[in-house]
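Open the model in your viewer and keep the selection panel at hand. This tour tells you what to pick and what you will find there.

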Protein chains: 2
Amino acid sequence: MTLILKKMRTKMKLDNVAKILQEKNNIEILTHHYPDGDTLGSAYGLCKALQDMGKNARVILSGKAATKFDYLKDGVKENSFTPEFIMSVDVAAPQLLGDNEESYSNKIQLCIDHHGSNSLGVEDSYIDATAASTCEIIFDLINLMNVKITKEIANCLYTGVSTDTGCFMYTNTTAKTHMIAAKLIECGADFAVINRAMFETKTKQKLALERMVYDTLDYYYDGKLAIIYTTLAMQDKLNLGDDQMEGLASIPRQIDGVKMGITIREKQDNVFKISVRTNGDTDACEFCKKFGGGGHKAASGCAINGTLESVKQQLIDAAKEILQ
Amino acid sequence: MTLILKKMRTKMKLDNVAKILQEKNNIEILTHHYPDGDTLGSAYGLCKALQDMGKNARVILSGKAATKFDYLKDGVKENSFTPEFIMSVDVAAPQLLGDNEESYSNKIQLCIDHHGSNSLGVEDSYIDATAASTCEIIFDLINLMNVKITKEIANCLYTGVSTDTGCFMYTNTTAKTHMIAAKLIECGADFAVINRAMFETKTKQKLALERMVYDTLDYYYDGKLAIIYTTLAMQDKLNLGDDQMEGLASIPRQIDGVKMGITIREKQDNVFKISVRTNGDTDACEFCKKFGGGGHKAASGCAINGTLESVKQQLIDAAKEILQ
């Protein structure tokens, strides 16, 4: 029992998180790899707030952020310092630190996250799985530290609040999510510009990719399972970077009658990243656990090695008992 | 001056609208034609509230509603009565009453709308162009009448709030929009189911249509103008009903660099419906006025007769001074 308490203080209060940060300086904030709107919005939003408190702070990216997120850095000051306090935002497991795992995973002193499955094992962890995004938690935290939410901070937090809920579309959205969005708009968040960049902007190449992907669409189990895929050859043909390969996962789930939509993406030869999106009661997280992955009930992921054909067949087989 | 006051009481207060409705019975509520989520959500939401007050009320549809909106009728009681009071919701002009124009346009006693361009000319008109949807106004109205917002009413109002803002994505969204969404979720609105039905559900035929439409895509003026079209032949080939032809208009605007996205839809031989969506400062309403249409700054429409080629060329020519 003592051991467990040592590993993670259950029900740490956000007040205490605020107090810890108020006392610290020279802070590094870690994101997860393949950084998305929530980890980036949380990190840059908090970084700006800490800087506005007169502290030194910087964001340590785990992996490269897509250029569409560049605006999140607006207002962040470059400051030179020796880190004294290391924290992570929206990082649910050590391996999600990517290239930073080895150098950072044992040094994290504070973990803020909204994934109930968090396995970082940091003693000071504030994990609220009822929050639709980590940015919701950061919003409360900044308020508790009595820092003004500037337009630049609001843009960061709105980005996470919006992207992690599919623009308020998904089941994780709560009344509180909307209350926070209302406040962020009042603080000047450029919500329409952000939403357009996050959800409504496609390059001509991306449109071409979607057309190609439509050709890969197959249905199984009376249309309850839909699978699409992308290959490195397709990516090469359209000259698309890795960051332009995101955002396809919602395509198969959108189809009428589909309970589970799977997107298979070839990352390297014989290495495939799998994105699973579900509707209704179908549990994507349980499904992905079969392949050593995880995530949320409606949106999860895993990785499988093998040929495209074998990977696809494994997924179809694994879905059988869930969908039949 | 007196004449103008007779035609429309400027700045009618919503309190007064509430008082008028509290005193009336046997109420008919008119929608606009090609009924969308906002006109239907407003009409059915208000109808249920009036019925909950013990009144007779019914919705008069102007044109057929798509089956995806069927849930809006949940909880509406069928009642037989001779109408004594006729009102409209979200109807901006007499011709938008469609088949009901002749029989109803001169009988409307109360008009509630959020289109600043409203030209119904009803003496008792409550028009709030700052409201992102008419459902926002109906939300306030139902509260002013002290009627409980049931789950069924919440589902109606959420539908309009969400659909008219592109799920909180568009510039018309305000902090108030989000505050109302929060309250409606607290009242039990099935927001995730509604959003999935409104935004994330495509039939297999619809997917096939999108692929066809991608083939029609053309760019003009250095990619600032993008035009797509659908023809009756395409609709026939895929066996799609008119209600399944909606929702394409967002495609051309989504493309990086596009300031104006135009969707041309063949409605009958030589009769085309034009949907214009714009980004940034480009004014879709001003553009559509050139063809006798109108709407909002970022989303407007008009109708043009002629061959597909001539209609398209007229649109390209008209866009020249705006985009060059």
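The stops below go from the whole pair of chains to single residues and then to annotated spans.

**Before you start.** This is a predicted model, in which local features need pLDDT of at least 70, side-chain atom pairs count only at pLDDT 80 or more, and totals for chains, interfaces and linings use all residues. Residues are numbered from 1 along each chain as its sequence is written, chains are lettered from A and ligands numbered from 1 in the order in which they are written, and side-chain values use heavy atoms, with hydrogens and water left out.

**Stop 1: both chains.** Superpose chain B on chain A. A turn of 180 degrees with a shift of 0.0 Å along the axis does it, at an RMSD of 0.0 Å. Now center on B:His178. Its C-alpha lies 2.5 Å from the rotation axis, the closest of the residues of chain B.

**Stop 2: the interface.** Select residues in contact across the chains (heavy atoms within 4.5 Å). You get 40 residues from chain B and 40 residues from chain A. The same surface serves both copies, as 100% of the contact residues of chain B recur in chain A. The buried area is about 3700 Å², and carbon and sulfur atoms give 61% of it. Buried area here is the accessible area (1.4 Å probe) lost on putting the two parts together, summed over both. In chain B, pick B:Met169, B:Glu200 and B:Gln254: they lose the most area to chain A, together 19% of what that side buries.

Stop 3: How many salt bridges run between chain B and chain A? There are four, each a side-chain nitrogen of Lys or Arg within 4 Å of a carboxyl oxygen of Asp or Glu. Over all chains the structure holds 24 salt bridges. Zoom in on A:Arg253 and B:Glu200, whose side chains meet in a salt bridge at 3.9 Å, N to O. A:Arg253 sits in helix 11 (residues 250-253) of chain A and B:Glu200 in the loop between helix 8 and helix 9 of chain B, so the pair joins two chains.

**Stop 4: annotated spans.** Select residues 27-161 of chain A, which UniProt annotates as "domain: DDH" (unreviewed entry). This span is 31% helix and 15% strand, with end C-alpha atoms 23 Å apart. Strands are DSSP runs of E, at least two residues. Next, select residues 232-323 of chain A, "domain: DHHA1" in UniProt (unreviewed entry). Here the chain is 35% helix and 28% strand, and the end C-alpha atoms lie 30 Å apart. Such annotations may be inferred rather than shown by experiment.

Key: Helix = DSSP H or I, 4+ residues; strand = E, 2+ residues; numbered from the N terminus. Least-squares fit on C-alpha atoms with pLDDT ≥ 70 in both.
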